[in-house]
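Trainee: I would like to go through the pockets of this model. Can we take them in turn?

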Amino acid sequence: MEIELKKIEERGDAKNPNNIEVGHVERGEIRSKPTVGERFWVGVKGWKTSTVQEIIDERTFKTCNSVYRWRIVG
């Protein structure tokens, strides 16, 4: 499944603040949906988030540093 992942918010308590700009987008294939306790991998280059801390809803999740939203594109 191909998705587009967008950073929508920087957490106020980010462990590594300002490392990725709000609005940053990654696009690529994924093998699984975000899972608490794991990094979320996007694309064959292996771009990844920090560890997922919370699933907010079906398409939105929090990591140690950010809040992301994803959508299926292909």
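Trainee: Which element gives the most to the lining of the largest pocket?
Mentor: This is a predicted model, where local features need pLDDT of at least 70, side-chain atom pairs count only at pLDDT 80 or more, and totals for chains, interfaces and linings use all residues. Residues are numbered from 1 along each chain as its sequence is written, and side-chain values use heavy atoms, with hydrogens and water left out. A pocket is an open set of points on a 1 Å grid over the protein atoms alone, where a 1.4 Å probe fits, with protein on both sides within 12 Å along at least five of seven lines; lining residues have an atom within 4 Å of a point. With four residues, the top contributor is β3.

Trainee: What volume does the largest pocket have?
Mentor: Its lining has 15 residues, with Glu29, Ile30, Arg31, Trp41 and Val42 nearest the centre. Volume here is the space filled by probe spheres set on the grid points, which are joined across faces, edges and corners. For the largest pocket that is about 260 Å³.

Trainee: Which residues lie nearest the centre of the second largest pocket?
Mentor: This pocket holds about 160 Å³. β4 gives the most to its lining, with three residues. Of 13 lining residues, those nearest the centre are Asn16, Asn19, Thr49, Ser50 and Asn65.

Trainee: Is Val44 buried or exposed?
Mentor: Val44 sits in the loop between β3 (39–42) and β4 (47–57). Buried means under 20% relative accessible area, exposed over 50%, partly exposed in between (1.4 Å probe, protein chains only). Because its relative accessibility is 86%, Val44 counts as exposed.

How values were computed
Helix = DSSP H or I, 4+ residues; strand = E, 2+ residues; numbered from the N terminus.
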